[in-house]
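Student: I have a structure open and want to go through some of its local features. Can we start with the backbone?

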Amino acid sequence: MDRRDFVKLTGIGVGGLMLPITGRIVSASELVGANMDFAAKKALANIALEAATSAGATYADARVGRYLNQFITAQEKRVDNIVNTESAGIGIRVIANGTWGFAATSDMRPESIANTARQAVAVARANSKFQTDPVQLAPVPGVGDVEWQTPIRVNALEVPIKDKVDLLMEVNNAALDNGASFITSVLFQVNEQKFFASTEGSYIDQDIHRLWAPFFATAVGAAGFKQRQGLGNPVGMGYEYLDGDPAEQISVQGANVGYRWSYDMVKDATDAGKQLQAKLKARSVEPGTYDLVLDPHHLMLTIHESVGHPLELDRVLGYEANFAGTSFATLDKWRSGNFQYGSDIVNLFADKTQKHTLGCVDYDDEGVRTKEWDLVDEGILVNYQAIRDQVHMIDQDESHGCCYAQSWADVQFQRMPNVSLRPNTEDLSADDIIADVEDGIYIVGRGSFSIDQQRYNFQFGGQLFYEIKDGKITDQIEDVGYQSNTQEFWNSCVAMAGESDYRAGGSFFDGKGQPSQVSAVSHGCPTTRFNAVNVINTARKVG
Amino acid sequence: MSIYTEQEARALLEKVLSFSTADECECNLDGSTAGNIRYARNTVSTAGEVDNVTLSVQSAFGKRMGTATINEFDDASLEKVVRRSEENARLAPENPEHMPLLGPAEYVEVNSWHDSTASMTPEQRAQMAQNSIAPSKENQLVAAGFLNDSKGFSAIMNSEGMFAYHRATNVDFTVTIRTEDGRGSGWVTRDYNDVSQLDTATASAIAISKAKGSVDAKEMEPGKYTVILEPAASVTLLGNMAGAMSQRAADEGRSFLSKKGPDGAAPAEGEPTNRVGEKVFGEQVTISSDPTNPIVPTPAFAGDGAPVGRTVWIDKGVVKTLPNSRYWADKTGVPYQPTAYSGGGLFGGGVQLIMEGGDKSLEEMIRDTRRGVLVTRLWYIRQLDPQTQLYTGLTRDGTFYIEDGEIKYPIKNFRFNESPIVMLNNIEELGKPVRINGSMIPPMKIRDFTFSSLSDAV
């Protein structure tokens, strides 16, 4: 499903959203049914591994997956949709004649699994005729039988539907009572139960939970209409994220409230209603050069687009040339050891281990233990994101552990881990950062975002814009977009807040690959300042 | 079995309905088999095959509605899925916008199935990829491409006696071909129902020519230029705009087609709330949908089983029809305007657009252009303002300066900030429409297209 289809489903006209629906819809009661037994999954996976090996595969892995989603959509005073989906099946990936092959089936009878494994080998053999570079896998030790679960307090799928409907109704009413004319609120709950087995002796069972509660509010006024999205982050947490713990709120003088590891959706909807009324009256920005202070709910997406994507090794090497594109961060720049990606206070790291993040797992989808590593160290490009069949191309012998498939039916490939900006060692607040700015703009929330296929030129918007004059936030303004070049932008980074301001936003449905697959990824960062950035006015009159 | 015939689908769905005890019951059965091959760096990278069939049952008691789905088809499973949907319906809150089911209808014949595509094998896919890789290698270029073929069917039946069935095959091909030093890049896309129409070597030759021709791109100042947009460059902008043409959004004041009263106030009671009947675009603009179009056929029914025929959305620049839901049509007293069921799964694919054009080929349009910019495709298109339909994005994989009827030299890629509404008011000329992503779109010559900055990307 692409973004347009999601828009059709929900009537939401905003946001870079995608939702994979590969499976069947199930009843609410069925969603909380017990996970399949470890031994049963191991037996099914072994059928696949044995059939593949017998057919001539030199390597095979099998992923037995059960993917549960529930999403609830509410518009204004009514619930539009309550959908429960379940998708179960097995995906089998093999190497034969030095070439990858893949096949998947939802029919999990032993004979069907064996046939599917043989089909994967047949696909590999057909392609090997034209293969010129045999696959080379970095070594990974077999880990035997292991299990892992996302640390959650409350499984969202076990919360009664009525409670969730009541929450969304309260959210919608809060926005409508405070200035919004329309609102769509959505609750996405995802549970991936996935079992990985390989011919290298790993049997890894992981139970992964994710949650996202966005809303999209609109106010109609005499001069037209304005929109404001919620500031809740998608997280690797249970329903406890929606507790609205005040200790997890971060306030900025004269502007917004931000959210760390707990979200008060009703408060955010109330604020959204009021801010929409202010947006309708706000003056349009004067284009020019400004110092920008970017809040974490906004900056996460800038990091995603201008750091996360260009440092994916498959893009750098050309494997994504036909779709997502390639990268300006070429191997010669990395090999030089002195490519100044950002200013010397910029430290960007990758991981799949930060608790509560979307990327957090113990093992990736090819059985590699996850870890944290540096991408940009004191401004210098030092590494990429790579998986087992790629690391030999950057003279490394250990996978970074960031291989992922969106479901059993899709082949796993290199996906972005969490990519985050390290906070200042001095624990400055967002207010401290703003206090030093003479003439600037404070941007909150993710808006329109667009970047070229090599990740040089970008243009980003936001949800809320505030003028900063002499260290203080003055008015809410509108129609702000900034255009820059990735390297120039990160080299204009002059200040950032500290650990207590650090928040992880994320993308729940990041798209890549052909056929396109989505994945969920977080980006942590503090409020950060960039000097002298080109700001354009995005308003325009049309007939 | 992933592909049911009409008779098999009818028999299965009749059995499903026989288990229903709800006031209303509607079932969808969708199945597909898809195969793909992906290549990069002049060699095959990944390939696969996936099968799936899904039965979805929707039951309603009054205005309470529930849905459940299953992919096992023995009698016990069929009864179970009906019971589950009924259980969900009893738990759901009343939806004030629930509409009763539609009854039986007649549908026009549509042929979207080709055995040539339905019988594709991994060996065929590998050869088609090789036909694209080999000429790239011969030219010291690097190819990355993707070929995806599918066969699928969709059937709908409900307790009011409605039954609709459609089956289709599809093949999609794209390839990006770059110079080894990364200074040139070309791209091409093709999609058909019948794979025998697809020649990956001929298509790749276009990408090869653009890759070679785009080396040593010159910088041009950003600003307003006359452009020739190839169909691949305009189809997403047009699709996004068409997707924002909902009657309800317009009536509610949150669309570029909303009608305002004096001084921007909401229209007075009884006054029009949307711009149907107004000339919003240039008079060259006529856009329709038609399931029976022989080049881009679609199902002749909507997701609720309503028959879909030819619908004119924009006629000579005048907004004629806005798509709506049955609820909104009923509430506002206008005819229901459904769009064709767009594929399997819960949400389906895109909307088919047929835009009228002229007779000239792209080459003839270039020949008749004194000064302009040829745009192969636009990339990373994102909305900046929903009320003006202002979008941003970048040119990619072949941007050229035209002078005195000839392509003079390649130019660096631009970021654009432009609205399709402005674009469709600034048409100089339309060429002959071609199939692109399931739609028919002409090449367009547009004046004063706004490029806002330069990009270093190739």
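Tutor: Pro515(A) sits in the loop between strand E27 (503–512) and strand E28 (517–525) of chain A. Strands (E, at least two residues) and helices (H or I, at least four) are DSSP runs, numbered from the N terminus. This is a predicted model: local features need pLDDT of at least 70, side-chain atom pairs count only at pLDDT 80 or more, and totals for chains, interfaces and linings use all residues. Residues are numbered from 1 along each chain as its sequence is written, with chains lettered from A and ligands numbered from 1 in the order in which they are written.

Student: Is the peptide bond from Gln514(A) to Pro515(A) cis or trans?

Tutor: Most peptide bonds are trans. For Gln514(A) to Pro515(A), omega is near 0°. That bond is cis.

Student: Is Asp479(A) buried or exposed?

Tutor: Asp479(A) lies in the loop between strand E24 (472–478) and strand E25 (480–485) of chain A. Its phi is positive, near 65°. A residue is buried if 20 or more other C-beta atoms lie within 10 Å of its own, exposed if 12 or fewer, and partly exposed in between; C-beta atoms are placed from the backbone. Asp479(A) has 20 other C-beta atoms within 10 Å, so Asp479(A) is buried.

Student: What is the phi of His356(A)?

Tutor: His356(A) is in the loop between strand E14 (348–351) and strand E15 (372–377) of chain A. With 18 other C-beta atoms within 10 Å, His356(A) is partly exposed. It is not a glycine, yet its phi is positive, about 75°.

Student: What distance separates the end C-alpha atoms of helix H4 (residues 122–138) of chain B?

Tutor: The expected span is 1.5 Å times one less than the number of residues. H4(B) has 17 residues, so it should span 24 Å. The distance between its end C-alpha atoms agrees: 24 Å.

Student: At what angle do H4(A) and H4(B) pack?

Tutor: Axes are lines fitted to C-alpha atoms, for helices over the stretch in contact, and angles run from 0 to 180 degrees between N-to-C directions. Angles under 35 degrees count as roughly parallel, over 145 as roughly antiparallel, 65 to 115 as roughly perpendicular and the rest as oblique. H4(A) and H4(B) are therefore roughly parallel. Their axes are 9 Å apart, and the angle is about 30°.

Student: Which residues of H4(B) meet H4(A)?

Tutor: Two residues are in contact if their C-beta atoms, placed from the backbone, lie within 7 Å. On the H4(A) side are Ala122(A), Val123(A), Ala126(A) and Asn127(A). They meet Pro122(B), Glu123(B) and Ala126(B).
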